Amino acid sequence: MSAPKLFASVLQSALAEVRQKSIPVYTFALYHDHESNTISVCVDTEENSARCVASMNRYNVKYFMQAIADKDLKSASLWQANIGRNLSLGDFVLVNCARADLGKTKATSTFYLAMIEALVAVQSEVVALSPNPEQLVLASSGPNDEVAYVWSA
């Protein structure tokens, strides 16, 4: 199966699972696991994202304040607060759903563009699963990051 067809198949399977579980979608990501050469979908809710961000911020502030006490601005810049949302896919409500092995398919710039195009093609279906479409964010992996491309619906 070609990569674009596999992306579409994984996305349809994931959407069916999200519908079946009635997950209120806040962030929807098509993920390429570079180590295992698989793709999957990860989905988060607004409530879970807020919990994760609060937890990150509680953790980071201790190190931020220590860096300031040490007058170390370089270190302080590494421990800034998250003022947005959780994009740590492993902390999402639904992780690696509809996972598929890519076999010997190589991840090139064309591959990542096809991932994004596949997600854009089902964007209206994702929007329909979001209680607040204006806050919905979609994401896709890239050559160097599990979350490299992020856009609003």
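In helix α2, the residues Asn-48, Ser-49, Cys-52, Val-53, Asn-60 and Ala-67 are buried, where buried means under 20% relative accessible area, exposed means over 50%, and partly exposed is anything in between (1.4 Å probe, protein chains only). Helix and strand names here follow DSSP runs numbered from the N terminus, with H or I runs of at least four residues for helices and E runs of at least two for strands. A word on the ground rules: this is a predicted model, where local features need pLDDT of at least 70 and side-chain atom pairs count only at pLDDT 80 or more, while totals for chains, interfaces and linings use all residues. Residues are numbered from 1 along each chain as its sequence is written, and side-chain values use heavy atoms, with hydrogens and water left out.

Let's stay with α2 for a moment. It covers residues 46-69, and its 24 residues should span 34 Å at 1.5 Å a residue, which agrees with the 34 Å between its end C-alpha atoms; the expected span is 1.5 Å times one less than the number of residues. There is still a kink in α2, of about 25° and centred on Asn-60; the bend at a residue is the angle between axes fitted to the seven residues ending there and the seven starting there. Asn-60 is also one of the buried residues of α2. The cover over that buried set includes β2 and α3 (73-76), with contact taken as heavy atoms within 4.5 Å. After α2 comes Lys-71, with a positive phi near 60°.

Now go back to α1, residues 3-21. This helix has 19 residues and reaches 27 Å from its first C-alpha to its last, close to the 27 Å expected. Its buried residues are Ala-3, Leu-6, Phe-7, Val-10, Leu-11, Ala-14, Leu-15 and Val-18. Seen down the axis of α1, these fall within an arc of 170°, so they line one face of the helix; the arc is that of the directions from the helix axis to the C-beta atoms. The background is simple: an α-helix has 3.6 residues a turn, so residues three or four places apart point the same way. On the face of α1 turned away from the buried side you'll find the exposed residues Lys-5 and Gln-20. As for what sits over the buried residues of α1, the cover includes β1 (27-33), β2 (38-44), β3 (94-101), α4 (109-121) and α5 (123-127). Ser-22 follows α1, and its phi is positive, near 55°.

That brings us to the core. A nonpolar core is a set of buried Ala, Val, Leu, Ile, Met, Phe, Trp, Tyr and Cys residues joined through side-chain atoms within 4.5 Å. The largest one has 32 residues, and Phe-7, Phe-28 and Val-41 have the most contacts inside it. The elements giving two or more residues to this core are α1, β1, β2, β3 and α4, and α1 gives the most, with 8 residues. Take Phe-28: leaving aside neighbours within four places in sequence, its contacts include Leu-11 and Leu-15, along with Val-41, Leu-119, Val-126 and Val-137.

What about charged pairs? A salt bridge is a side-chain nitrogen of Lys or Arg within 4 Å of a carboxyl oxygen of Asp or Glu, and by this rule the count comes to 3. Glu-17 pairs with Lys-21, the closest N and O atoms being 2.8 Å apart; both lie in α1, 4 residues apart, about one turn of the helix. Arg-19 meets Glu-125 at 2.9 Å, N to O. Arg-19 is in α1 and Glu-125 in α5, so this pair ties together parts that are 106 residues apart in sequence. In the remaining bridge, Asp-33 and Arg-99 have their closest N and O atoms 3.4 Å apart. Asp-33 lies in β1 and Arg-99 in β3, so parts 66 residues apart in sequence are tied together. Asp-33 counts as buried at 11% relative accessibility, whereas Arg-99, at 40%, counts as partly exposed.

Finally, look at two backbone spots. Asn-37 is not a glycine, yet its phi is positive, near 50°; it lies in the loop between β1 and β2 and is buried, with a relative accessible area of 15%. Ala-98 also has a positive phi, near 55°, but lies in strand β3 and is partly exposed at 22%.
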